[in-house]
Amino acid sequence: MKPDSDLLAPLTTLGYQPVARLRPRHAREISGSPWGIGCETLDRDYVDFAHTGPHLGDLGAKHVRLQAGWAKCEPTPGGPYGWAWLDTIIESCLEQGVKPWLQLSYGNPGYEGGGGIGLAQGIPVSEEALAAWDRWARALAERYGDRVTHWEVWNEPDLFGAVTPEAYKDFFIRTAIQVRAARPDAKMIGLVLCHKAEFAEDWLAALAASGRADLLDEISFHLYPQNPDHSIEIADKIKTYAARHGISVPLRQGETGAPSDAVQVGALSGLPWTERKQAAWDLRRLLAHHARGYAMSLFQLGDMYYAKQQGGLFEGRNPKGLLCILPDKSVAYRKPAYFAAQHIFSMFDDAYPLAPLPAHPGRFPISTAAYAWQRTADTSPNLVAWWRNDGPPDVMAPPLTVVGLDAIPLREPVLVEFLSGIVFAPPKWFASSPEAAWAMLPCSDTPLALAERDSLPLRDL
């Protein structure tokens, strides 16, 4: 499916002329970036990597989040581990230039007190189950430690109050000890917060008091607001809580995304959604995080088909994927959100430092986000992006509005429309009246940008 181009006609009417498209870059072409893509739930067979995997490298994300699945690795308690499924996935990711990080979760119903495989089923609690968990965590690190550097402990312990901060502190420590025993240089990711900031504060306090904060290398959080520009301030709170307890580690948005059609269960359910709205939401979410200095993993590569088994809570399709997946788990097509993310991943690589940016000044008749990005090797910004942030994106493209931004000097500016990837030459009078041009820029509920043409990866229309 071609990328959405609802803004083509109104921009052309204003004198912007299509001249090129953004050229997607395969992950192997990109040396590094802060972008990740989720390939979660493979451990429960809600997605089939044999179908979605071939679309991974083309996307351009440099990291992929995988759930290692204790129950899938050890289907018979005390029996041999079955690694073949995970071997195949990890090798495919690496071959495509995408670096996996592994999340150690969920439970194993084969053990009494081992927990289930569904959300909020809780951590293992029995002595037997915890001992089996320890063995699996160490075996996992021994097998993949030469190819995987980052290890995440559990998923959303605060969801539905399934785990207390104190219990999760103990569980994180014991798991990190096992992983580090097998791989001393392993980077441990903790918290994996769903939404409760007070859980983060209590857990960080407990971890610091335990004297084992040295086991924590990174904090991850998951937030799903209706407005993609919202909730990032919770990450700022977490950073403040960590500093209060003498903990200074990077924070990463480990899971966030939007559905492409209305659903009745899961995050962002009960709301109107279209594939256009999903793509616009994802774009704003990606750029809002980068502008605030947080790495981000988008949820997720393919639609998931949940099943109520072994503690699973939901049943049916979760359409948050960038790929439209059929009931037989084959790929129907790449959604507009796939191409939208591809455009961001191709442009914003490690050449752009991941650091908080000040809001770019301007004159806004409506609530607007605007930021100027500067590459490490440059002496001035080469790209300014802006968008309406007064509410969620619309299901259809709204009429363009106008904003005014403080101008930055660009030798050969072009307008970038991230949703379709179309790049426009400005109206002919733009160069002769730059102050006037920057004072009346088109604005939508999805990002637009002015950028140096020679800084962009481009291809013909």
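Modeller: Buried means under 20% relative accessible area. The model here is predicted.

Biologist: Why is Asn155 called buried?

Modeller: Asn155 has 3% relative accessibility. The cut-off for buried is under 20%, so Asn155 counts as buried. Asn155 sits in the loop between strand 5 (150-153) and helix 7 (165-182).

Biologist: What makes the pairing of the side chains of Asn155 and Arg65 a polar contact?

Modeller: The distance is 2.8 Å, and a polar contact needs a pair of N or O atoms within 3.5 Å. The side chain of Asn155 also makes a polar contact with the side chain of Tyr106, at 2.8 Å. Leaving aside residues up to four places away in sequence, Asn155 touches several others, including Gln67, Leu119, His222 and Glu255.

Biologist: Is Ser346 buried or exposed, and how do you know?

Modeller: The value for Ser346 is 2%. Buried means under 20%, so Ser346 counts as buried. Ser346 belongs to helix 11 (residues 336-347). A polar atom of the Ser346 side chain lies 2.9 Å from the backbone oxygen of Gln342.

Biologist: Why is Trp429 called partly exposed?

Modeller: Trp429 has 37% relative accessibility. Partly exposed lies between the limits of under 20% for buried and over 50% for exposed, so Trp429 counts as partly exposed. Trp429 is in the loop between strand 19 (422-425) and helix 12 (434-438). Together with Val402 and Met440, Trp429 makes a nonpolar surface patch of about 280 Å².

Key
Residues are numbered from 1 along each chain as its sequence is written. This is a predicted model: local features need pLDDT of at least 70, side-chain atom pairs count only at pLDDT 80 or more; totals for chains, interfaces and linings use all residues. Side-chain values use heavy atoms; hydrogens and water are left out. Helices (H or I, at least four residues) and strands (E, at least two) are DSSP runs, numbered from the N terminus. Buried means under 20% relative accessible area, exposed over 50%, partly exposed in between (1.4 Å probe, protein chains only). A polar contact is a pair of N or O atoms within 3.5 Å; within protein, one must be able to donate a hydrogen and the other to accept it, and residues adjacent in sequence count only if both atoms are side-chain atoms. Patches are made of residues with over 30% relative accessible area and no salt bridge: like charges are joined within 9 Å, nonpolar side chains (Val, Leu, Ile, Met, Phe, Trp, Tyr) within 5 Å. Accessible areas come from the Shrake-Rupley method with a 1.4 Å probe; for residues, only the protein chains shown count as cover. A salt bridge is a side-chain nitrogen of Lys or Arg within 4 Å of a carboxyl oxygen of Asp or Glu. Contact means heavy atoms within 4.5 Å.
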